[in-house]
Amino acid sequence: MPRTPEGIRGGVITGWGCALGRETVTNADLERTLDTSDAWIVERTGISARQVGGSTAELSIESGKAALAMSGVDPADIDALVLSTTTPDRNVPATSATVQHALGLRCGAYDINAACSGWVYGLVNANGLIAMGAERVLLIGTDTLSRITDWSDRGTAVLFGDGSGATVIEAGDGPGQLLAWDLDADGSAEDYLYSDFGGYIQMNGKEVFRRAVRIMVDSANKSIEHAGVSLDDVALVVPHQANSRIITAACERLGLPLERAAIVLHRTGNTSSASIPLALVDALDGGRVNDGDVILFVGFGAGMTAASALIRWGGSR
Ligand code: ACO
């Protein structure tokens with residue numbers, strides 16, 4: 001049922017914020033500790049630098065505060081906090097509980113883990129809560145992958161960074177922004193990308209790459225079809241920021257010019273749950289989004305999850 005049904009109310013994004021790890025790690029920094037080069041990393045991934053440091057709660061509090069301030073919503077009026085993260089600070093409780101307390105929220109709070117697709121899962125979740133009566137939802141995507149990265153493994157250390165992106169989503173007077181969505185997972189591919197408790201990210205990069213393009217394109221096409229829009233209608237695509245070659249290949253296969261993509265990974269690296277909201281915030285702050293624009297979010301991640309959603313910017317709020 002991925003097309004938003006007629007007659008239910010949906011959400012409108014009214015505030016946003018972001019946070020990045022405090023320390024910049026450039027490719028030149030990595031050249032000093034790994035058998036790698038700036039040229040290799042840029043050519044194979046598109047990444048020049050990443051920001052690392054801070055806990056998942058700290059980054060979430062920073063981005064959440066900024067989003068709340070921008071929306072003008074009193075923290076006490078938020079009805080639910082949804083935190084997408086694959087790197088919680090503790091096994092128990094959920095990191096969203098720490099964030100809920102620090103932000104002065106008085107509402108339910110829970111984590112969701114769908115790896116790098118998590119923020120899109122959260123967007124669908126938040127709109128579902130609003131359809132069920134919630135007035136205001138704080139949706140945050142945060143990951144601190146640097147804590148589960150083996151910094152002596154050149155196959156993964158060059159890829160990841162820490163960050164957080166937050167959005168306040170308020171009930172609209174009408175159907176809201178979400179036009180259509182698609183969520184997918186394929187647990188049979190679990191061993192291509194995983195991290196055990198206390199361990200580091202293990203990845204079969206080639207296999208992840210090969211599957212990533214296919215599942216992103218499949219998911220995006222489903223959302224586009226369900227929304228009944230054409231590719232020409234898509235003003236901006238906000239893809240998961242894993243690798244510029246994956247983004248380029250996915251745009252090519254979708255038939256979308258690369259100029260319509262929001263890209264921040266050259267300076268952030270892959271920030272998992274934060275990557276799509278960070279790229280969205282960059283596009284919004286850069287004046288790339290106008291009322292009425294159709295935005296396509298599309299991600300993939302461990303699990304192997306894939307997710308896409310189409311929203312129409314603006315809305316009645
Ligand atoms: N610097 C220099 N050389 C390197 C490095 C490095 N950092 N890493 C690997 N190499 C070498 C390899 O050892 C190999 O050498 P060889 O030919 O002598 O054996 C050569 O470069 C080519 O290695 P490949 O693995 O074939 O390189 P590839 O072009 O596949 O790029 C990469 C590797 C960047 C990891 C790519 O496969 C990729 O981006 N995969 C997807 C990763 C991804 O998106 N992960 C998502 C994580 S999302 C989440 O849920 C956390």
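Colleague: Why is Cys18 called partly exposed?

Modeller: This is a predicted model, in which local features need pLDDT of at least 70, side-chain atom pairs count only at pLDDT 80 or more, and totals for chains, interfaces and linings use all residues. Residues are numbered from 1 along each chain as its sequence is written, and side-chain values use heavy atoms, with hydrogens and water left out. Buried means under 20% relative accessible area, exposed over 50%, and partly exposed in between (1.4 Å probe, protein chains only). Cys18 has 35%, so Cys18 is partly exposed.

Colleague: What makes Cys116 buried?

Modeller: The relative accessible area of Cys116 is 11%, which is why the label is buried. Of the 317 residues in the protein chain, 55% are buried.

Colleague: How do you know that the structure holds zero disulfides?

Modeller: A disulfide is a pair of cysteine sulfur atoms within 2.5 Å, and the structure has zero of them. For Cys18, the nearest cysteine sulfur belongs to Cys116 and is 18 Å away.

Colleague: Why does the radius of gyration of the protein chain agree with a compact globule?

Modeller: The radius is taken over C-alpha atoms, and the globule rule is 2.2 Å times the number of residues to the power 0.38. For 317 residues a compact globule would have a value near 20 Å; the protein chain has 18 Å, so the two agree. The C-alpha atoms fill a box of roughly 55 × 45 × 40 Å along the principal axes.
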